[in-house]
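The exercises below are meant to be worked with the sequence and the model side by side. Try each task before reading its solution.

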Amino acid sequence: TESDREEIRACIRSFEDSGYTTTAIGMRSGDEFPCDSSLVFIGIAATSAEVNKADTPDTASLAELGVRTYLLTSSDAARAKLGATSLSIPDKNILCGRDIERMSDLEICASLSDTFVFAGLSPKDKSRIVLALQNLGHTVSAIGSSISDSALLDCADVSICDTRSEDAVKGSCNLLYDGEVSADRAVLFGKITRGSISRVITYLSAANLAELLCVGLSVLFGFGYPMTPPEILAVNLITD
């Protein structure tokens, strides 16, 4: 009856609001070949996808590190809103693929200041959004897992995917992750490493520049060589 159907729909909505993926199960018997019409409804299977830490970064930590997070998905607005809530991404404004198709590149750029969730996107739509971010001067890192994300990953400055992704997706990526390190931690480690390398280069440059100026100015003004080659090598060895 219609009340039975509505009860089933309510059950499906309840599962999906809780983040589950639902699959309807039906069957019919007595056929010589499989047939997908006039099935008898059996029930609903609700499954929760395994979540990798890299797919669910701490967006607050990323914001502190100067990273802005966007959600680009081919799912509908309702699922996109659910994903945005789990990722703590502002979902006050949600643009859909049909909106993106009508917008010019300049309009997309203007929307990126207050819109962080995009739903119902085609691969082309995702690429246009990435290009718009790059046109605004941003460096874009994209995380994807399906073949439909290949165009998106190709456009991004840094593309990342799971080690369990299909080979076609891996071929579009610069980095592979195993799901154990979240994006915010990876960015933090990267900044720490870059800072350490920068300090080492600064120190070595300052030390060697001082020695170069000492020797160069002495020769320029006719004072002779202030240090012999063995002495210069000894100073370098000690400072290093």
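**Exercise 1.** Which glycine takes a positive phi just after α6?

Solution. Just after α6, glycine 137 has a positive phi of about 95 degrees. Helices (H or I, at least four residues) and strands (E, at least two) are DSSP runs, numbered from the N terminus. The model is a predicted one, in which local features need pLDDT of at least 70 and side-chain atom pairs count only at pLDDT 80 or more, while totals for chains, interfaces and linings use all residues. Residues are numbered from 1 along each chain as its sequence is written, and side-chain values use heavy atoms, with hydrogens and water left out.

**Exercise 2.** List the buried residues of α6 and find what covers them.

Solution. Buried means under 20% relative accessible area, exposed over 50%, and partly exposed in between (1.4 Å probe, protein chains only). In α6, the buried residues include Asp125, Lys126, Ser127 and Arg128, together with Ile129, Val130, Ala132 and Leu133. Their cover, counted by contact (heavy atoms within 4.5 Å), includes β3 (71-72), α4 (97-102), α5 (105-111), β5 (117-119) and α7 (150-155).

**Exercise 3.** Work out the strand order of the open sheet with 3 strands, and identify its edges.

Solution. The order is β3-β5-β4, with parallel pairing. Since β3 and β4 (94-96) stand at the edges with a single partner strand each, one side of each is left without a neighbour in the sheet. Two strands pair if DSSP finds at least two bridges between them, and β4 is joined to β5 by 3 bridges. Cysteine 96 has alanine 119, in β5, as its bridge partner.

**Exercise 4.** Locate serine 38 and serine 88, and state whether each is buried or exposed.

Solution. Most residues other than glycine have a negative phi. Serine 38, however, has a positive phi of about 55 degrees; this residue is found in the loop between β1 (21-27) and β2 (40-47), and is exposed, with a relative accessible area of 65%. Serine 88, whose phi is also positive, near 60 degrees, is found in the loop between α3 (77-87) and β4, and is exposed at 55% relative accessible area.
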